[in-house]
Amino acid sequence: MTMLVTHGVDGTLEGVHIVDEIFREAVLADRVKATNPVQGAQVVGRVALLLRLVGRKPEGTSLAGLVRESGLTRPTVHRLLTSLAAEGLLEHDPTAGKWVLGPEIFLLGSVAAARFPMEDIARPSLRRLAAETGESAFFSIRRGNETVCVLREEGSFPVRSFVLHEGVRFPLGVASAGTAIMAFLPPEKQDLLLGDWDGHAGDFAAGHSADVVRDSLERTRLTGYSVNPGLILEGSWGMGAAVFDRQGRPAWALSLTGIEPRFRPDRQEFLGKLLLEEAHRMTARLQGG
């Protein structure tokens, strides 16, 4: 196996071919415990985890932060980060001491965008929502048991909530988009998530107890839209509506966020109606209607 060698971000010689890194991780694991080797897929999972963690914060994340959030050892995280940086998937800012997404991610994303033209489909709805409400409008996608914010349109109201932005991930059932999607999943899927709620919600479980989430899911099914009354950050409210794919599954969500006075009860019905109208319009287009 050919090994391309160059200077790493810390000045040392680092292997830069990610396949070699995967091979190295697997071999090391075999030597440590031959009866339970770390499979290559598990190492790929580690790489994907680090990319997702870095992508959550546009300003970047420190090595210590990635070690803490990933649960991996510092040497393992450092090896993978330097290999990803050499491939252009990540970059290290020596001044800030943080890791950020690299140019190769932008190129890959540009290619993927051609297959998933959600910008063209979602942007008009976001612009209408922002223009009619003055709030910031967002489009999120479901990825496994999470939602990921991918598009944003700022509203005209001068005071805004900054809880949500592109790249932010929340567990399903947390935040308005995740609640809107989870409410329309099959009951057995909801029960599975609620059965291990603390493990699923992680740090968000404190503000989103299982009982609170159950009530929120029920209200969402009744009205069609979700309301998050400042459970993530006090005073920062959100509302969301699910968008469905060709099989009738909740795969995406539109949402609005803003400060509490802008989401008073007498205005929620107005905001919910607009969200449902745009969600229905997007669903019809995605289903070919």
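The side chain of Ser226 reaches the backbone oxygen of Ser176 at 2.7 Å. This is a predicted model, in which local features need pLDDT of at least 70 and side-chain atom pairs count only at pLDDT 80 or more, while totals for chains, interfaces and linings use all residues. Residues are numbered from 1 along each chain as its sequence is written, and side-chain values use heavy atoms, with hydrogens and water left out.

- Ser226 is found in strand β9 (residues 226-228), strands being DSSP runs of E with at least two residues and helices runs of H or I with at least four, numbered from the N terminus.
- With a relative accessible area of 0%, Ser226 is buried, a term that stands for under 20% relative accessible area with a 1.4 Å probe and protein chains only.
- Although Thr179 lies 47 residues from Ser226 along the chain, their C-alpha atoms are separated by 6.2 Å.
- Leaving aside residues up to four places away in sequence, Ser226 touches Ser176, Thr179, Ala180, Thr220, Gly238, Met239 and Gly240, where contact means heavy atoms within 4.5 Å.

Conventions
Buried means under 20% relative accessible area, exposed over 50%, partly exposed in between (1.4 Å probe, protein chains only). A polar contact is a pair of N or O atoms within 3.5 Å; within protein, one must be able to donate a hydrogen and the other to accept it, and residues adjacent in sequence count only if both atoms are side-chain atoms.
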